[in-house]
Amino acid sequence: FNTFDVDGSGSIDLDEFVKVQGIASQLYGLPGAPVKQGLVEQYLQARAPGEVQQYGGGLGFEGFVRWQLQWQAPFWVTGEEMEISERCRKLGEHIKSKRSSSQSSRSQRMTPRHRPRPRSPWPPQAPSAKAAPRPPRSARKYASGGGMATAAKGFVQPPVEVAFDLDTYEEEFNLKEESSDDEAYREKKLAEAALVQEEADEVCFIAETDVRSNVLAERLHLARLQFFEALVQSQREACRAKEKNILEEMQKLVISLAERRLGEMVLRGSVVCGQAVLQASRLELQDVAAGSKTGAKSSSEGIFKVSTAVSPQKDGSNHLLVTRHRGAAPLYRKMAGEGLKRCRMEMLPLQAWYFQASATERILFEDKHSGARFRIPALLKAGQAFAGKAKLSYALVLPDYGSMSRPVIKLKRRDNARDFAQAEASRVAAMAVAAVPERHGRSMGGSQVPLLLAAAAFARLCDAEDGEELDVAADGKLEVFLPCHSLALHALEVGTAPSIWSFREEHAEWCQTPQLLRCNNKELPSPRQPEAEIRSSLEKSSAQTSRPDAAAGCRAEQESLQAAEIRRGHEAWIRQQRREPQAHLEGVCYCGFRSKEAILHHFRTSRRELRWADPPKRLFAGVQPDETGFHQIFPYRTQDDIIASAERAAMHPEVVVSHHLTAAARLLDPCPEMAKDMGLSSASLFTFRHYDQISGRVLPHLRHLASFLVEGARAIHSVKGDDLVQVAKMAIKMTALEFMVNCWIRPRKANSAPCTVQELWEALKARGGDVATAFLYVALQQANRDSMATLRKQLRHRNPSLWASYDELLPALHGQSLETLAHQFQSRADIQALQDLVYQRGGRCRRMSLAAALAERPSLVQAAQQRQAALVAAAKEARATEEKANKGWATSMRNLKRALINNDLSQQLDESKATKELAALAKKKEGGG
């Protein structure tokens, strides 16, 4: 306000307001000069009527704040407190420097003979475009007949060609339905005004929430400093109480922010790329489960707002926000829960390289700044070979070197230049790593595991002429060579090689692939097959389960205290009986067995809502004192005592919990007899159908168990044993979910992967912290993995070398034929079998060589088949010739005998000659064979 108030009068004149805001818009980076007419309208609307007499018509501080919250809020809402303070400081310095530079330049240009220009007419108007050429007088006289005024378009004059035809004029400008008293138009304007007011209220609410949260954070920081500086125990307790109150206020603020948009997810934020805001970026919010999509675009200031209806506790809230902009790599963010959420989309710029594609030769390209190389094979366009000008768009994420797109800074001085360059490279690296989607994915065996980033790359090939995407030929692949990362070197040392993961937009997660990975021209070991990975996961799970429980000592101590209290009550009761013998107390069960038996029998016959209750026996062994002495808490001697005890027991939390626990166990882990009662066969137990069928019945029991565990949980220090108060509610819910999953959800097949902590956390976060629905989701996922294990076993029966990952078997789970998938995986199985055979004989062979050999196998088999066919044809021809020679020789012998009988000398000579020739031919054939 002081920066805008040039003369220091306490109010901002209209001249000052327009001039200073024009200077400020240059720092905001807005395209073009600000429209003066719009600034005047803002000034007049922000100025309150009471300020006209008080400040002489100027804009006071309250009006200035009103103007900031209504028109300038997008510049302040998307940043933190430190960013806003820095932005305000830069804004003030920029305005003062511009003002001083303009005054100094004006004073330098002023001369004694200089005349200042006359002031422009007021109020200032928007900059007009170039004046149109003046029409001829004949046309002007027809246009001077007036026009028509409407509420929507104002005063409209007809053109020359329709000046005499009023009907054509109204049809061309659509003026018949837009009169000044149109009711529909008035309702439309009121709706637009209500929408603008709602948007302004929401922006004000966000700004107030930010201010309130910053104030509470500052107070919390001061309270903690006072706690450490306190010397007396009373001062420390006061500081601790103050800190607790501030935390409760912050929790209420978070709850109010979430309750403002119940049943709806509202995303607000900005889209930036480096230091520039991106305008007209396309944002798409996808529901991964339902497949629905909601689109939006960023404004001229890079601000966006996307909203969609969600029901976390029913269907879950697993959404993927996809941001796309020309010249930037797509950005993916996973969103969950309901309410108002703030996000900043920092996109990575794409680098482009144009090249001449060839249909036969591979092309090698090297990025000079990062050292990365791309080897591009033959390309296809719409299924046909492509030879022309192509474009490669790529973005790299290397945590050690940053995005490596271009050199970040150029310093001429050498002193401290290296330190500045390293600091800037670290900042760019952090920005590039933040652009990578969620750091968890689905492994080959189906487990959801966290990821450790070594490097990431995005590449896109398109036609440089029309922008259509290009595909890689079926027999080729796009190879990317990246600088070796320290993580990869460490993985090579410890024996666990990294693997290639691909982000699947339809599943909103990373999926592990069996693609080839090399380091220093040496092939790295392929990822473990699903069976080996699952065995390792089960070993780790059993090792974690067998670890000593840190809270076991606390629970044992609590149980011993309860047993000691019951024992003291029994001893006091027995002493009372010895002093005052009572005949009706003879034969009373002190351990609680008889009382429990009678009360549970009453529950099963009269209280059906607690018919499955089975609490521990110690609850019914308690003794309580009153005015007359000690008595049993749950007496059972008479029917009236049983009814009264049953009513009292029905209010006990552990009795109610035991009912829900037994009912949930009967539904989640039933025996075959119970399964028949539920309409399930023994083969369908613990499958997707089983959990989907019982979800409606078991959900109330799971909700009660989850609330009992979460509300009754205590966090204690594992070493000191002190209670911890500053524990997030989600951490307690996560522990309760893990406890319930360990009770009932486990792999039912030998080669099925178990649940992971990452999977539990993602399920709980997507369902807004509802433990019961997250538990059912985890059960369904475990059933899917069990089904995958069955399909994997069937593949092994067809061929022991066949295997498939979780992502590859998803089509078979949805109905695709397993024979088709087995045919697709046959070549990979052949490579694995051939490599195992080479290793068994003590040799070494690269998978690439084996793949090339197997790729040439069809042509070699075809050539061998052709040679075999030629040999068969030659053998058939030889057999035919031999049979013909044998037949001719036999015929000649008969003719020779007949000539001897007839004593025909000439025929004898001819037949003898033919016989010798045929005998020589037969002998030659026998020798050749």
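Guide: Start with the surface. The protein chain exposes about 56,400 Å². Carbon and sulfur atoms supply 53% of that area. This is a predicted model, and the mean pLDDT of the protein chain is 76. Of its residues, 74% reach 70 or more.

Now the overall build. The protein chain has 929 residues, and 35% of them count as buried. It holds 27 helices and 29 strands. Take the contacts between residues at least 6 apart in sequence: 63% of these join residues at least 24 apart.

Now the close look, at helix 16. This helix spans residues 639–649. Its buried residues are Ile642, Ser645, Ala646 and Ala649. Viewed down the axis of helix 16, these buried residues fall within an arc of 105°, so they line one face of the helix. What do they pack against? The partners are helix 15, residues 593–606, and helix 17, residues 653–668.

Last, the regions to read with care. Over residues 109–132, pLDDT stays under 50. The model has 10 contacts beyond four places in sequence for that stretch. Where pLDDT is low, the predicted coordinates should not be read in detail.

Notes. Residues are numbered from 1 along each chain as its sequence is written. This is a predicted model: local features need pLDDT of at least 70, side-chain atom pairs count only at pLDDT 80 or more; totals for chains, interfaces and linings use all residues. Side-chain values use heavy atoms; hydrogens and water are left out. pLDDT is the predictor's confidence in each residue, from 0 to 100. Contact means heavy atoms within 4.5 Å. Buried means under 20% relative accessible area, exposed over 50%, partly exposed in between (1.4 Å probe, protein chains only). Helices (H or I, at least four residues) and strands (E, at least two) are DSSP runs, numbered from the N terminus. The arc is that of the directions from the helix axis to the C-beta atoms. Accessible areas come from the Shrake-Rupley method with a 1.4 Å probe; for residues, only the protein chains shown count as cover.
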